[in-house]
Amino acid sequence: MTLANSGNDLRTLDTVLLKVASRCNLDCGYCYVYHMGDEAWRDQPKLMSQRVVDRVAEALGAQYRRQQSPFSVVLHGGEPLMLGAARLDALCKALRSALPHPCGLHVQTNGLLLTDEIIDVFVSYDVGISVSVDGPAEVHDRFRVDHRDRGSYTRVVQGIARLTARADARPLFAGVLAVIDPTSDPVDVYAALKATGSPSIDVLVRDGNWDQLPFGKASPGSTEYGDWLSRLLRVYLADPTPPRLRLLDDMMRLLLGGSAQKEGVGTTDYGILVIEPDGRIDKNDTLKVAHAAADQFERPWSILRDALETFLDNPAYDRYYRQQHDLSSTCLSCPDLTVCGGGMVAHRWRETSGFDNPTIFCADQRRLIANMRGLLRQMSAKAA
Ligand code: SF4
């Protein structure tokens with residue numbers, strides 16, 4: 001069944017993930033691109049060519065004029081900095097001239113290649129930088145290793161230090177993104193992420209589904225992630241000088257009757273488009289977690305061959321866009337639906353019933369939301 005309220009206009013893009021590199025200089029044990037059974041990355045060119053870049057810029061510029069509301073382009077991979085300074089410069093130049101402010105340009109990087117030369121490029125075109133860090137060294141290095149199985153923590157913090165040491169680049173440091181290890185201590189993880197000096201922290205659960213339980217989850221009914229996030233929430237609310245913590249901020253906003261700012265929780269639609277290095281247009285790539293090619297449209301679309309407008313008008317895009325609202329009967333009768341939203345589509349997958357299930361993190365969500373409700377009630381009672 002589909003929830004009626006779908007929020008944004010169907011043809012309005014919020015975010016375009018531009019996969020500018022299909023390979024990565026790290027080999028993180030949990031990566032959904034390389035370690036979830038989908039081998040599609042092998043067919044992609046290693047780097048996005050200038051021909052594709054020019055066509056992407058032209059198409060997105062036309063889309064911006066059409067929708068008349070700004071959207072963001074996130075340089076993604078693989079590892080986007082593998083493009084190198086010169087090609088990144090050409091890419092950002094093309095994108096920025098097609099998408100002037102207030103459109104946003106961002107990069108999600110593992111931080112290893114954050115050299116001064118590359119930072120110069122991001123300063124020139126005002127590109128916000130988000131770095132993946134999972135916590136202190138012992139937590140981060142458990143999974144975020146290179147192809148020689150060496151931990152990457154020291155090199156990542158060196159990259160961040162280069163960024164934050166420069167007065168012209170510091171304002172570009174937009175956030176750190178951590179994948180949760182539920183066996184770690186959230187107090188230590190919060191302290192390490194805050195110590196990076198980032199104005200914003202985001203945390204992601206490990207990927208999984210009903211057939212393949214996420215790392216650290218003993219059973220569908222267990223609440224390791226809900227407990228971990230509840231402890232993180234307590235530390236966060238007790239901090240007198242906190243950075244923003246996107247997931248928890250969004251959930252608290254929803255609990256208090258507001259709306260979320262990003263996908264993953266709540267019931268607002270977000271128009272997310274993925275463009276691969278060869279120009280192919282895909283669905284949200286986290287869908288790879290469900291099964292191989294789950295992120296691909298039946299009829300292949302390409303930015304080189306198809307007009308973006310035609311693609312956005314196609315029923316296939318319509319079905320993809322509304323997938324978040326295709327909720328199981330359990331979710332439709334759940335008292336926490338407006339906060340949880342049924343979870344990420346990829347995490348609802350089960351071979352026997354497809355996506356017609358609550359998220360595999362359902363018990364975790366219920367636990368976290370209950371604890372959040374209790375803590376907010378306590379805080380408002382204290383303030384009264
Ligand atoms: S908490 Fe569970 S049942 Fe409720 S909306 Fe989320 S996934 Fe669905």
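S200 of β6 has R244 as its bridge partner in β7, and these two strands pair in the parallel sense over 2 bridges. Strands here are DSSP E runs of at least two residues, helices are H or I runs of at least four, and both are numbered from the N terminus; two strands count as paired if DSSP finds at least two bridges between them. The model is a predicted one, with local features needing pLDDT of at least 70 and side-chain atom pairs counting only at pLDDT 80 or more, while totals for chains, interfaces and linings use all residues. Residues are numbered from 1 along each chain as its sequence is written, and side-chain values use heavy atoms, leaving out hydrogens and water.

On its other pairing, β6 is joined to β5 by 4 bridges, again in parallel, and V176 sits opposite I201 in β6. Getting from β5 to β6, the chain passes through α6 in a right-handed β-α-β crossover (clockwise from the first strand over the helix to the second, with the strands pointing away from the viewer). Because 4 of its 5 residues are buried, β6 is largely enclosed by the rest of the structure (buried is under 20% relative accessible area, with a 1.4 Å probe and protein chains only).

Zooming out, the open sheet has 10 strands in the order β7-β6-β5-β4-β3-β2-β1-β8-β9-β10, with mixed pairing. β7 (244-245) and β10 (301-302) are the edge strands with a single partner each, so one side of each lacks a neighbour in the sheet. Elsewhere, β1 (residues 15-19) and β8 (residues 272-275) run parallel, joined by 4 bridges, with T15 partnered by I272 in β8.

Terms used:
Buried means under 20% relative accessible area, exposed over 50%, partly exposed in between (1.4 Å probe, protein chains only).
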